[in-house]
Amino acid sequence: MADALLSARQLTKRFGGLAAVNGVSVDLWRGQIHAVIGPNGAGKSTLTNLLSGDLPPTSGTVLLGGTEVTGWAPERISRHGLGRSYQKTNIFLPLTVHENVRLAAQSRDPQQPWHPLRWWQDTRTATIKNRAISARLESAIELSGLQNRRTAIAGAMSHGEQRQLEIAMTLATEPQVLLLDEPLAGMGVAEAERMVELLQRLKPAHAIMLVEHDMDAVFALADRLTVMVNGEVIAHGTPAEVRADTGVQAAYLGEDH
Amino acid sequence: MDFATFLIQLLNSVQYGLLLFMLAAGLTLIFGIMGVVNLAHGSFYMLGAYLAYSLSGHFGSLALAILGGALLSVVFGLALEWLLFRHFYHRDHLDQVLLTFGLIYIFEELRSILWGDDVHGVPIPQMLDWSIPLTDTLSYPAYRLFISGVCIVLAVALYLLISKTRLGMKIRAGAFNRSMAESLGVNIKLIHAVVFALGVGLAAVAGMVAAPVSSVYPNMGSSVLIMCFVVVVIGGIGSVRGALIAALLVGFVDTFGKVLLPSVAGMLVYMLMAAVLLWKPEGLFKQ
Amino acid sequence: MSTPRSNLEVLPRSAQLVLVLGLVALLAFPFVGSDFYVQMVTRMMIMAIFAMSLDLLQGVTGLVSLGHAAYFGVAGYALAFLTPADAPVSLWWTLPLAVAGAGLAALVIGFFVVRTHGIYFIMVTMAFAQMVFYLFFDNKALGGSDGLYINFRPDASVFGWLPFDLEGRRTFYYFTLALVVIVYALLRRLLWSPLGRALAGIRINEHRMRAMGFGTQGYKLTAFTLAGALAGLAGYLWGAQTGYVNPELMGFHMSAHAIMMVILGGMGNFAGAIVGAFAFEYLLHVFKDITKHWQLLMGGFIVLVVVAAPRGLLGMLGQRRADKAQEDSHHG
């Protein structure tokens with residue numbers, strides 16, 4: 001069996017005396033969607049932040065592609081093949097869709113800010129250098145369905161379109177592992193369907209962790225499920241196993257959406 | 001260095017540090033609670049000094065001058081907050097920098113118009129115009145001890161205000177979570193006005209109390225402002241405790257630096273700041 | 001506390017026209033203007049380079065530096081140290097050296113400064129610039145508070161042949177104008193380069209840039225160093241033109257003036273910096289003429305600008321364009 005692309009063991013994050021995340025372990029495999037669910041305040045977003053490097057863990061380890069990345073800065077983890085999208089849309093509002101995704105695609109170029117060539121190339125023209133960026137850009141825009149909105153200013157788009165852009169930017173960095181924090185939040189029925197379809201298309205080539213509240217989507221997509229309450233994992237397994245778990249039923253699934 | 005000299009320098013460094021604290025405490029509170037950077041904070045120090053000069057001449061007593069001056073500066077602070085500053089709490093730092101820079105120009109010119117450009121002295125009140133003998137040849141001016149004393153009293157008062165009174169609790173609540181505090185009935189606008197006026201008052205009283213020792217001259221605000229910024233950076237924005245420790249540290253380094261390493265004395269405090277930044281980029285006691 | 005500024009990066013036709021007309025006017029000016037005004041406009045052009053350098057840092061990258069004049073002054077002093085009392089020194093190696101020196105100072109200070117954010121950044125840039133100020137002010141060996149004289153303008157000779165003589169007022173004017181045009185062109189190119197796009201991204205949303213894999217500290221340090229080097233170019237020209245440098249060139253007022261110029265004209269496109277520099281210098285000249293209490297007028301003007309037109313002159317143009325673009329995208 002192939003190694004997990006991302007493997008977190010006993011992750012704990014304390015703020016003062018409070019443990020927002022306590023001893024959580026998670027594995028992500030390519031071709032699988034692993035959903036993390038739980039009530040508000042369960043620590044799901046904190047967990048995502050710990051995996052992406054936005055927060056350093058108090059204890060525990062994270063392995064990405066076999067390398068230990070515990071405590072690495074977010075940019076380093078990103079370059080190692082991890083991409084994340086945010087629950088609260090985190091895009092470049094004054095820029096157009098094209099410019100947003102282009103920047104994301106540029107991140108995969110060698111980062112040498114001091115190199116004079118980086119000061120001279122014109123990003124608006126189609127040079128050889130820029131073709132690699134263009135390829136990533138095109139693929140991301142197509143996957144997220146924003147082909148007709150390239151010149152729209154991000155800040156002026158609808159919420160659903162902004163969520164699409166959020167995903168596009170994550171995809172443009174060509175990650176192996178995807179951490180998606182409530183990608184369906186605030187979407188209408190049609191938009192949510194399209195996002196579910198997109199995630200199914202992405203599945204074969206990526207290892208995906210999905211934090212979500214939309215239970216229909218979760219049970220349609222997830223291969224594995226982890227349930228968190230108060231920072232701890234209370235159940236973990238296939239959707240069927242978790243559904244049958246009485247502890248989970250009591251604590252969480254009882255309040256159906 | 002013999003003990004008497006050391007003691008003198010130590011007392012000087014504590015006095016300087018405490019004066020810096022009076023300014024830095026206001027600056028760090030205003031920034032920590034309202035999020036405003038105020039480049040004109042040094043002007044309040046200058047205002048205090050010039051008020052001490054005018055009012056002590058008028059009343060014939062420094063004590064009355066300080067009381068009257070404190071009252072006037074608090075009123076001035078309230079007016080300034082109401083007219084200008086409260087509209088800038090949510091604005092970009094850049095806009096705040098510009099606004100307060102413009103104010104520096106205005107204040108300097110008003111000072112020139114009202115008081116002229118000469119250097120003035122303020123006489124030490126007779127009651128305090130003596131020296132404590134330390135050795136056969138060295139003694140320490142009692143007035144300088146008085147300055148430190150006043151600063152300590154005000155520092156303790158500030159501590160009591162913030163941690164032991166209801167007003168202080170409201171101030172801390174407002175800093176921690178503004179909308180929550182508002183919904184709990186705390187009058188945020190009033191709190192902000194009080195904090196601002198407090199900051200102005202502290203800076204002005206520092207200027208008044210120090211005037212007999214440092215004299216009263218144009219642009220006296222700018223040199224003290226930069227030290228004040230260094231103190232706030234080292235101490236951590238929003239932390240009054242950090243401001244106190246940093247101020248004493250800066251006072252110590254600067255005073256002893258001038259005596260022991262005069263050629264690099266001017267740069268020592270900045271090197272201290274650089275070292276702190278390498279270790280803790282947000283200051284020693286960042287909130 | 002701060003909203004990401006959407007800069008006017010693509011200049012509308014009207015602004016482009018203004019720039020072209022301005023260039024033509026500047027080319028013709030020495031033939032119609034008196035010596036006094038030619039000198040004044042030269043100084044404005046030097047300030048325009050200074051302002052453009054700050055625009056890279058502040059307008060494009062979003063870093064508000066209250067200590068940018070330190071690098072301006074360092075280069076001026078470099079020329080002063082390099083020029084002997086009795087003879088001029090060669091332009092061709094002193095200029096690059098002074099610029100590199102200013103860049104190096106910016107690199108060293110920048111190393112400490114880019115780790116800080118927001119208000120800290122503003123305060124520490126100011127503090128380090130003051131440190132440089134006191135370094136020169138307190139040391140007689142470096143000129144002290146009196147400053148230093150530069151008795152000869154740099155010599156442009158190349159192997160015995162003199163292509164142009166900078167001692168001439170008009171020649172120096174055109175030399176400076178050429179540099180303004182070159183710096184502007186290079187910075188415009190930089191704006192659309194990978195570095196420029198990354199810097200703009202950092203201004204708008206540094207957090208997301210890091211999440212996408214950009215090492216933002218390295219980018220900020222690069223911008224800081226480049227901006228410092230270009231400020232040094234302006235400082236070198238200032239020293240060469242006026243023949244005198246003193247610590248005030250590195251002072252807080254000089255830094256604040258630069259900020260004002262960039263804001264006045266509109267940030268992030270370098271054209272605004274040029275416009276702002278000219279406008280600010282001219283205003284200063286007018287205010288000083290009106291009254292000896294000119295600081296009151298200047299202070300009042302600054303407050304007025306902040307309250308009424310925080311995006312500056314070109315910015316007001318930009319706001320209308322941004323609004324229109326938003327409208328269009330709704331129909332797109």
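I began with terms: helices (H or I, at least four residues) and strands (E, at least two) are DSSP runs, numbered from the N terminus. The model is predicted, and local features need pLDDT of at least 70, side-chain atom pairs count only at pLDDT 80 or more, while totals for chains, interfaces and linings use all residues. Residues are numbered from 1 along each chain as its sequence is written, and chains are lettered from A and ligands numbered from 1 in the order in which they are written.

**Entry on T291(C)**

I looked up T291(C) and found this residue in the loop between α10 (271–290) and α11 (294–308) of chain C. T291(C) is exposed, because 11 other C-beta atoms lie within 10 Å (a residue is buried if 20 or more other C-beta atoms lie within 10 Å of its own, exposed if 12 or fewer, and partly exposed in between, with C-beta atoms placed from the backbone). I also noted that 33 Å separates the C-alpha atoms of T291(C) and L233(C), which are 58 residues apart along the chain.

**Entry on the sheet of chain A**

In chain A I traced an open sheet of four strands in the order β2-β1-β4-β5, with antiparallel pairing (two strands pair if DSSP finds at least two bridges between them). Its edge strands, each pairing on one side only, are β2 (18–28) and β5 (67–68) of chain A. I then followed β4(A), residues 59–64, which pairs with β5(A) in the antiparallel sense over two bridges, and I found L63(A) opposite E68(A) in β5(A).

**Entry on two helices of chain B**

I next looked at α1(B), residues 3–34, and α5(B), residues 142–164, which pack at an angle of about 40° with their axes 9 Å apart (axes are lines fitted to C-alpha atoms, for helices over the stretch in contact, and angles run from 0 to 180 degrees between N-to-C directions). That angle makes α1(B) oblique to α5(B) (angles under 35 degrees count as roughly parallel, over 145 as roughly antiparallel, 65 to 115 as roughly perpendicular and the rest as oblique).

**Entry on chains B and C**

Finally I looked up the contact between chains B and C, which takes 35 residues from chain B and 36 residues from chain C (two residues are in contact if their C-beta atoms, placed from the backbone, lie within 7 Å). On the side of chain B that touches chain C, the elements giving two or more residues are α4 (93–115), α9 (220–235) and α11 (265–279) of chain B, and α4(B) gives the most, with 15 residues.
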